[in-house]
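Here are my notes on the model you sent, as numbered points.

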Amino acid sequence: MKSKKRSLVLTALFAAGTVTAAPAPSFASPTSKGVVTVDGSSTVFPISEAVAEEFQRTHKGTGVTVGVSGTGGGFKKFVAGEVDIVDASRPIKATEMELAAKNGVTFIELPVAYDALSVVVNPKNSWATSLTTAELKKIWSPEAQGKITKWSDVRAGFPDKPLQLFGPGTDSGTFDYFTEVINGKEDASRGDYTSSEDDNVIVTGVSGNEGALGFFGVAFYEANKNRLKVVPIDDEKPENGAGPQEPTATHVIDGSYSPLSRPLFIYVRTEALARPEVAQFVSFYLEQVKSLASEVGYVSLPDEVLTKVQSRFASKVVGSLYDGKPQKPGTSLAQLLH
Amino acid sequence: MEATSTTQTLSPGAGAFSTAKKRPLLAHPMTEKAFIFFARGIISVALLTLIALIADVAIDGYERLTWNFFTAFPSRKAENAGILAAWTGSLWLLLLTITIALPVGVGAAVYLEEYGSKGPFTKLVELCIANLAGVPSVIYGILGLQVFVRSLGFERSLLSGALTLALLALPIIIMASREALRTVPKGYREGALALGATRWQTTRTQVLPVAIPGIATGCILAFSRAIGETAPLITLGALTYVAQVPNSVFSPFTALPIQAFNWLSRPQPEFHTNAAAAITVLLAFMIMLNLLAIIIRAKYQTRQR
Amino acid sequence: MSISGKSTWRPGEFVIEWILRVCSSLSVVTTLGIIAVLSIESVLFFEEVPVSRLLFDTEWTPLFLDKHFGIWPLLAGTLLTSAIALSFAVPAGLIIAIYVSEYASEGVRKVLKPVLELLAGIPTIVYGYFALLFITPMLQVIFPEMGSFNALSAGIAMGIMILPMMASLSEDAIYTVPRSLREGAYALGASKLQMIFGAVLPGAVGGITAAMILSAARAVGETMIVAIAAGQQPLLHLNPLQPVETMTAYIVQVSLGDTPHGTLEYHTLFAVAMMLFLLTMTLNIISLAIRERSKRMYR
């Protein structure tokens, strides 16, 4: 295997120089010491951190560590068997599934909460009282680049003010999901906007510019309500609730905030479940996540979905509901889990 | 310093040449006054910036600096969250980095100053050191991830973090130590060698003791820089939530800058306060290290006279 | 050299010399390690994307559907922020160096040096937020049209960060100028400033240039300040009031992000890191060469 060879070369290179003579690889495997290792998305991190905190309070002696390497970094460690659980803000991708299969890693995919992508504007913005998904597409599609630069370009009647756009990093699951459901194709977006991996930077940007528009997870709106104004979104499909909707828990759960709500996941390595502490941690996670997710700013899964997730875990259903493809708008978790 | 004192006796540009009525701009006393004024202005701005930076952070974080903050693990509730894992992690990281980098760095400096001939090997080493001193710290993180975490199988342990930071600090330590060794007068070495001491005996008994204060100062500054590094630990994949105090070099760890960075990226302003408090602790720690360097330097300078 | 302890064979000496040699060779190993790690993954990138696409495209959008791999926007962002930083740090650093070496009393020196060292040691995330939340709002008073993220604030913060390095390296350079040069200038009736600008600075020009280049390398490699305050927007322009993305900011973005590893998108990280490494290496080698030359001048 290519990477084996690579690591051999590097080991040889370094074994020569390192003073602390290195024992053979995989010396310190934390996966063998009663420690549950979680890593991945920074979006899911607050949920896993909360569960880990509670778990350690009730299960003394078992350690849980949570890292933030991004969903991509988390899956890389996951398919190599380096961590037990991945926090993922998007479903596993085809390339990652191939690697998992190649390494003989099987996994259970468990949705744990919803995130509602919130579209926000400056509080001084008096005109954008609602936007349709078509208008969002008009603003964010690749064709808009350099053309839709003023609010009046978005809708006749909006003032002739410059439109400054702020969005999450192009490397984030939030960006992937937004482009998929709004622009119809993952990663299809205009490029002339300010992006940042740190969503607080978007908060600062939108609250500092009158003509600004940005989007991010609902937790960032909830924590900064006084500096931002949320824009209700209308998908113009009456079956998903008529008229523009705000990203509230009710609207996310009943589906009327479609298509801008997305599920967040954890992935558990089947093999790791042989260790009692991992199995205990995951069942504890699914028991507690309902209250903890909303406490840290996300929308909890409704009971009927959560029950399905729990039984999915209990019967160890391996594989992904999405088959390596991006999430499609309009397919609810309840339908998928059925 | 010497140069300043001697030149001052000669200085005032009142020589025969400059008494002419039309002086060039640079010779005019007003120009000099203006220059000094300007220089002091710049220094004051730098000083004020430093004070503003520290004060800004300290004021933001001050209210969270309670005993509990130092003895608690991270939590989803900002008011319960603490930096126990982070500060112990940073301390371990610092001690381990010193253990690894100090002998190697001083050893390398001794070799280059006391043993090295001007051969191609020395030239190559010097080139690499100069180059490594300017390599961006993120790149050290990438190196650490591939080599220590993956290839050597140390996982994301304290050892991987310390080795990465040690590599990062090495060029600075080597350069500072060489500088210190160079200030040791030649006579010290020649005397010992003439008495029949070997090169190592000379180095160990004559050169190193004199150079130690200089080495220490340089190294303290290098290490205080290393513990403030964020980017390499991020690329290395240092953990963020750890609720245990490290107990071995293979323990998973978090560190103050990582914890602060994570809190800063949270939406709730209370976490930002925590981040400011964590940075205040880090800054206080660095100021203490710098003070230590000043004390050592002051002692050293008086002894020289 | 004639009186080295080589007359008798001592195994202990031999072992120690080898240990020390290994210590110093570690720097070579580290350099090779960096080159190895970066090239292994960059090769995977260049297998799919020819270098020409890197050099002859003006857009950098590897994470978008419509992928472009022109390195220029990242390079322009890196150079712009560094240039801003240097245009503050170089003159200010030089003036501080002159003041400290030629005018300041011993007491002032004793206070100033540690203060500058402390300024250099402040974690760069602190500078990043200082730029975003302190410098930018101040600048917005002067440039109301400037957005929250811009190259200027990040550059200024970076300038403050590298100022101590510039000052202390230039002071070293000024210090090595022989006294005879100064005295010669005075003997000709020069005023102190004439002496400084006519004799000392020209004499130290090599060391000062080296200091500038090293500061430039530091600026080019700085990560957290630009990642936080400059705006992560890979646009090809040189307007300091606009947001930019630097090479380092891109590396941090991808290494923290959700992109699957092993894909082309992910390999861009290593290609960018490689370019960055080559850039700083070139700067460092030039600086070293200049320092060597100017050292020889006074020997």
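**Notes on the predicted model**

1. The largest nonpolar core has 302 residues, and the members that touch the most others are A:I47, B:A169, B:A278, C:A157, C:I225 and C:A273. Helix 3 (residues 72-103) of chain C contributes the most to this core, namely 18 residues. The model is a predicted one, and totals such as those for interfaces use all residues, whereas local features need pLDDT of at least 70.

2. Leaving aside residues up to four places away in sequence, B:A169 is in touch with B:T97, B:A101, B:A222, B:F223 and B:A226.

3. On chain C as a whole: the chain has 11 helices and zero strands, and its pattern along the sequence is α-α-α-α-α-α-α-α-α-α-α. Its C-alpha trace spans about 70 × 65 × 35 Å along the principal axes. Of the 299 residues in chain C, 60% are buried. Among the chain C contacts with a separation of 6 or more, 73% are between residues 24 or more positions apart.

4. On the contact between chains B and C: 81 residues of chain B and 76 residues of chain C take part. On the chain C side, helix 1 (residues 11-48) gives the largest share, 17 residues. That side of chain C is made up of 45 nonpolar, 19 polar and 12 charged residues.

5. How do helix 4 of chain B and helix 1 of chain C lie relative to each other? The axes of helix 4 (residues 84-115) of chain B and helix 1 of chain C come within 7 Å, crossing at roughly 110°. The two helices are therefore roughly perpendicular. Helix 4 of chain B brings B:V104, B:G107, B:A108, B:V110, B:Y111, B:L112 and B:Y115 to the contact, and helix 1 of chain C brings C:E17, C:I19, C:L20, C:R21, C:C23, C:S24, C:L26 and C:S27. By class, this helix pair's contact holds 10 nonpolar, three polar and two charged residues.

6. On the contact between chains A and C: 44 residues of chain A meet 35 residues of chain C. The elements of chain A that each supply at least two residues to its side are helix 1 (2-17), helix 3 (70-79), helix 4 (94-102), helix 7 (173-183), strand 7 (194-196) and helix 8 (199-208). Helix 1 of chain A has the largest share, with seven residues. By class, the chain A side has nine nonpolar, 23 polar and 12 charged residues.

7. Is strand 11 of chain A buried or exposed? Nine of the nine residues of this strand (residues 261-269) are buried, so strand 11 is largely enclosed by the rest of the structure. One side carries A:S261, A:P263, A:F265, A:Y267 and A:R269, the other A:R262, A:L264, A:I266 and A:V268, and all of these are buried.

8. Strand 11 of chain A runs antiparallel to strand 3 (residues 85-88) of chain A, with four bridges, and antiparallel to strand 4 (residues 107-121) of chain A, with nine bridges. A:F265 is the bridge partner of A:A88, and A:P111 also stands opposite A:F265.

9. Strand 1 (residues 35-40) of chain A is likewise largely enclosed by the rest of the structure, because six of its six residues are buried. A:V35, A:T37 and A:D39 are on one side, with A:V36, A:V38 and A:G40 on the other. Strand 1 pairs in the parallel sense with strand 2 (residues 63-67) of chain A over four bridges; in this pairing A:V38 has A:V66 as its partner.

10. Most residues other than glycine have a negative phi, and most peptide bonds are trans. The peptide bond between A:S258 and A:P259 is cis, with omega about 5°. A:P259 is in the loop between helix 10 (249-253) and strand 11 of chain A.

11. Two residues other than glycine have a positive phi: A:K316, near 50°, and B:E155, near 55°. A:K316 is in the loop between helix 12 (303-314) and helix 13 (333-337) of chain A, and it counts as exposed because it has 11 C-beta neighbours inside 10 Å. B:E155 sits in the loop between helix 6 (137-151) and helix 7 (158-182) of chain B; with 24 C-beta neighbours inside 10 Å, B:E155 counts as buried.

Key. Residues numbered from 1 in each chain as written. Chains lettered and ligands numbered in written order. Predicted model: local features only at pLDDT ≥ 70, side-chain atom pairs only at ≥ 80, totals over all residues. Contact = placed C-beta atoms within 7 Å. Nonpolar A, V, L, I, M, F, W, Y, C, P; charged D, E, K, R; others polar. Core = buried A, V, L, I, M, F, W, Y, C linked by C-beta atoms within 7 Å. Buried ≥ 20, exposed ≤ 12 C-beta atoms within 10 Å, placed from the backbone. Axes fitted to C-alpha atoms, helices over the stretch in contact; angles between N-to-C directions. Parallel < 35°, antiparallel > 145°, perpendicular 65-115°, else oblique. Pairing = 2+ DSSP bridges.
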